[in-house]
Amino acid sequence: QMVLKNQNIRFILHLSLLLFTLAALLLNPISTLAMGNPATLPSFADFSKTVQNGQANVLRGVYVPNILALPVVRQPSGNAGYVSNNDGEATQFRMASQFGNVGLLAHNHLSGKLFSGLAVGQEIILVYGDGHTEQFVVKEVLKYQALQPNSPYSSFKNISKDEVLSAEQMFKRVYFGDRHVTFQTCIEAEGNLSWGRLFVIATPKEEYSKFDRLTP
């Protein structure tokens, strides 16, 4: 059973990476109102009201003061590679939820461009359908080059240090573990929209505060 589960995870992972790569290269953006300009960002209270739908267990929005205010849409069942093609939206990665974590995906030519504005120490607020929230703080920003950008089997080279991870290792690195939020988008370089991957990882606010107190 464990072998079959691992094989299933690997298959879905490869399919998801492939579709995410192809989508970044092939899909045309459909423009909507993007809420990423600090001057035009709504207040948190106003944003929260616009995304609520009464469903307590459904993630409906993500808010980062002075950076972004994005409604969150869910992936259709059975479509692990779906990423919204609407500017001004983030997509909840269904597979991350299976491991108790929150994955937020966006194309780098759409809402994903805002992810690069996230930095260690910034507060992340998730808004659910009934208005309750979860608060996280950005703990690390990871940048990797995809050694075979158009392949679902690509390995990933850490831009900041000597580290190369397989696709499966990369997935486990950013989506396994204690509860956290992972923002994921592609990095454009050398004329390739899918040259690399950006992962921004945020841990629960109380856990980050505890870590900060222990740091000299």
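**Figure 1. Surroundings of L126 in the predicted model.** This view, like those that follow, is taken from a predicted model. Leaving aside residues up to four places away in sequence, L126 is in contact with L59, G61, V62, V102, L104, H132, T133, E134, F136 and V181. L126 also belongs to the largest nonpolar core, where it is listed with V62, L68, L104, L118, I124 and F183 as the residues with the most contacts inside that core.

Figure 2. At least two of its residues come from each of the strands β1 (59-64), β2 (68-74), β4 (102-105), β5 (123-128), β6 (133-146), β9 (181-189) and β10 (192-204). With four residues, β10 gives the most. In soluble globular proteins, nonpolar side chains tend to be buried together.

Figure 3. Q92 lies in β3, which spans residues 90-92. Its relative accessible area is 13%, under the 20% limit, and Q92 is therefore counted as buried. Beyond residues up to four places away in sequence, the contacts of Q92 are L59, V72, V73, R74, Q75, S97, G103 and L104. Of these, G103 is eleven residues from Q92 in sequence, with a C-alpha to C-alpha distance of 5.6 Å.

**Figure 4. The buried face of helix α4.** Helix α4 covers residues 167-175, and A167, M170, F171, V174 and Y175 are buried within it. Viewed down the helix axis, the buried residues of α4 fall within an arc of 100°, so they line one face. An α-helix has 3.6 residues a turn, so residues three or four places apart point the same way. After α4 comes G177, with a positive phi near 105°.

**Figure 5. S48 in helix α2.** S48 is situated in α2, a helix of residues 44-51. Its relative accessibility is 7%, and because buried means under 20%, S48 falls in that class. S48 touches V127 and G131, residues up to four places away in sequence not being counted.

**Figure 6. The chain as context for the close-ups.** The chain contains five helices and ten strands. Of its 216 residues, 46% count as buried. Among contacts with a separation of 6 or more, 58% join residues 24 or more positions apart. The accessible surface of the chain is about 10800 Å², and carbon and sulfur atoms account for 53% of that surface.

Note on methods:
Residues are numbered from 1 along each chain as its sequence is written. This is a predicted model: local features need pLDDT of at least 70, side-chain atom pairs count only at pLDDT 80 or more; totals for chains, interfaces and linings use all residues. Side-chain values use heavy atoms; hydrogens and water are left out. Buried means under 20% relative accessible area, exposed over 50%, partly exposed in between (1.4 Å probe, protein chains only). Contact means heavy atoms within 4.5 Å. Accessible areas come from the Shrake-Rupley method with a 1.4 Å probe; for residues, only the protein chains shown count as cover. The arc is that of the directions from the helix axis to the C-beta atoms. A nonpolar core is a set of buried Ala, Val, Leu, Ile, Met, Phe, Trp, Tyr and Cys residues joined through side-chain atoms within 4.5 Å.
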